Amino acid sequence: MQSTWYPINMSRFKIRRRSRREAHLGDLVFSYLLRLLSLGLALLLLMIGFFLFRGAFASISRFGWDFITGSVWDPVQEIFGSAPVLYGTLVSSLIAVIIAAPLSVGIALFLNELAPPLISRSIGFLIEMLAAIPSVVYGLWGIFVLAPSLRTRVEPALVKYLGWIPLFSGPFYGVGMLAAGLILSIMIIPTIFSLSREIFRTIPMAQREAALALGATRWEMMKISVLRSSKSGIGGAIILGLGRALGETMAVTMVIGNRAEISASLLAPAQTMASVIANEYAEASNDIHLSSLIEIGFLLFVVTFIINGFARIFILRESKS
Amino acid sequence: MNTKAILEVKDLHAWFGNTEAVKGVSLSAAYNAVTAIIGPSGCGKSTFIRCLNRLHEELPGAYATGHVLIENIDIYDKKVDPVSIRRKVGMVFQKPNPFPSLSIFDNVVAGLKLAGVKRQSTLKEIAEQSLLSAALWSEVKDKLHAPGTSLSGGQQQRLCIARALAVEPTVLLMDEPTSALDPISTAKIEELMTELRKKVTIVIVTHNMQQAARISDQTAFFLSGELIEFGETSQVFTAPQKEQTERYITGRFG
């Protein structure tokens with residue numbers, strides 16, 4: 001990952017060395033072209049950030065910190081507080097990670113350490129294929145399969161037996177925070193799974209044999225040799241999955257119910273940063289509404305940028321050691 | 001020296017899928033003897049000792065048949081759990097492989113913890129004993145909680161020896177334990193082995209024939225999966241019975 005930076009320096013080095021003898025024009029052009037392209041991409045990222053900030057400026061100067069702490073989102077009254085959508089994004093992504101992380105790591109462990117090669121390869125392939133399904137298809141499945149079955153089977157039982165916990169109280173509609181969290185968990189499994197598996201694959205056989213030779217059972221061997229030494233890498237994989245969940249838009253918009261309110265119950269409809277933008281951008285009635293939506297986009301951009309950065313640092317540290 | 005055999009191998013065959021890597025080997029080792037296994041690369045000597053703690057079968061498609069008796073218990077008996085065997089038969093590998101996520105101390109006591117020893121005082125005592133036996137104590141006693149991988153290669157290998165000794169194995173298998181080390185570390189480990197043999201029966205695979213001659217009581221010469229010659233080390237090196245053995249030890253092939 002880090003090595004992607006080297007070509008720039010390397011090429012400079014090569015050009016200098018060559019030019020002392022006889023510079024090859026083709027090499028020169030090609031290396032400058034590559035340099036231009038890679039710088040261009042970095043520039044593009046900065047410009048997206050800048051565009052978002054400029055677009056959000058009206059909203060930032062008008063609401064200040066109230067934009068983040070305010071809990072009322074009312075386009076008609078021109079009151080824009082994004083706390084409910086921040087909350088919605090955070091909670092739906094957390095549900096997703098809580099479900100997907102142990103599942104993905106468990107599957108990766110099983111396929112890498114226990115399953116026969118044929119099963120390991122075919123199941124691994126199918127799980128990675130989950131990532132290829134368009135988000136809108138997940139949304140459709142959520143609307144037509146997941147939400148109705150939540151409404152008719154799961155949620156009545158939750159309310160009946162766990163209704164005394166605020167998380168599972170109140171009226172239910174099928175669509176809502178829980179449905180969004182579940183859909184997201186399925187969507188981030190491939191991310192966490194394939195990264196964890198890659199990390200497990202880098203652990204040398206000698207580490208496993210060291211544990212086995214000491215009289216470890218298979219499970220003990222996995223704990224000592226595999227899980228322990230890939231802790232921070234798995235952490236990185238989970239954060240990367242979280243990053244995906246935070247920004248996921250289409251499927252969430254279709255099943256979360258789209259109501260910008262903070263509710264203690266997971267069964268209640270909610271709204272996320274991404275879904276509020278998708279829902280309201282096209283019909284934003286005035287400039288301040290538009291600017292507020294762009295500010296949410298800006299916040300989302302910053303948060304996912306930081307989270308992905310952290311995850312890469314984690315994983316990088318792992319692959320170095 | 002007690003002359004009763006502690007390790008007895010009878011007609012051992014080891015397979016990787018359809019390839020037979022060890023073709024019917026029988027040999028035995030007495031209490032506290034050092035047995036050296038020599039032979040050219042790919043002759044099945046590593047596979048052979050990996051059968052002595054049933055580690056061979058952990059590789060995909062690998063299996064073994066025959067009998068290996070350790071203290072008169074056939075470890076290939078269907079009723080025997082390989083995990084319990086590996087607690088009695090320690091192993092040191094070619095490349096030092098301490099657990100990178102564990103401290104020096106935790107590396108040494110890893111086997112004990114697996115065996116269910118929990119008392120901190122017992123763990124400390126055995127850790128010190130094992131590190132002393134592995135001639136590493138004086139070098140690490142002040143940094144027991146540093147990561148095992150912070151040590152030098154030779155120290156790491158002695159840490160692995162301490163780790164194997166901590167569970168008090170009856171047999172210690174060493175698979176080319178010095179081939180990744182410099183001459184000074186190698187000398188230290190050879191010196192250590194002459195001490196260790198008082199407590200444990202050692203089977204060592206080595207590429208280095210001088211090493212085999214220096215440290216072992218008996219030597220087995222393997223060639224393409226077969227045991228060509230097995231006898232007293234002095235006899236194998238000075239008056240080999242088989243022509244192949246003689247050609248190998250005089251360096252004319254292999």
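At what angle do helix 6 and helix 7 of chain A pack, and how far apart are their axes? I looked this up before anything else.

**Ground rules.** I'm working on a predicted model, where local features need pLDDT of at least 70, side-chain atom pairs count only at pLDDT 80 or more, and totals for chains, interfaces and linings use all residues. Residues are numbered from 1 along each chain as its sequence is written, while chains are lettered from A and ligands numbered from 1 in the order in which they are written.

**Helices 6 and 7, chain A.** Helix 6 (residues 135–162) and helix 7 (residues 177–202) of chain A pack at about 130°, axes 10 Å apart. Axes are lines fitted to C-alpha atoms, for helices over the stretch in contact, and angles run from 0 to 180 degrees between N-to-C directions. The two helices are therefore oblique to each other (under 35 degrees is roughly parallel, over 145 roughly antiparallel, 65 to 115 roughly perpendicular, the rest oblique).

Contact here asks for C-beta atoms, placed from the backbone, within 7 Å. Nonpolar covers Ala, Val, Leu, Ile, Met, Phe, Trp, Tyr, Cys and Pro, charged covers Asp, Glu, Lys and Arg, and the others, Gly among them, are polar.

**Helices 4 and 10, chain A.** Helix 4 (residues 83–114) and helix 10 (residues 231–247) of chain A pack at about 140°, with axes 9 Å apart. That makes this pair oblique too. Helix 4 of chain A also passes helix 10 of chain A in a right-handed crossing. I sorted their contact into 10 nonpolar, three polar and no charged residues.

**Sheet, chain B.** I see an open sheet of four strands, order 2-1-4-5, with antiparallel pairing (pairing takes at least two DSSP bridges). Strand 2 (19–30) and strand 5 (73–74) of chain B are the edges. Strand 1 (residues 5–16) and strand 2 of chain B share nine bridges, and Ala5(B) has Ala30(B) as its bridge partner.

**Between the chains.** The contact takes 20 residues from chain B and 16 from chain A. On the chain B side, helix 2 (82–88) and helix 3 (104–114) each give two or more residues. I count that side as 11 nonpolar, four polar and five charged.

Key. Contact = placed C-beta atoms within 7 Å. Left-handed = near helix turned anticlockwise from the far one by under 90°.
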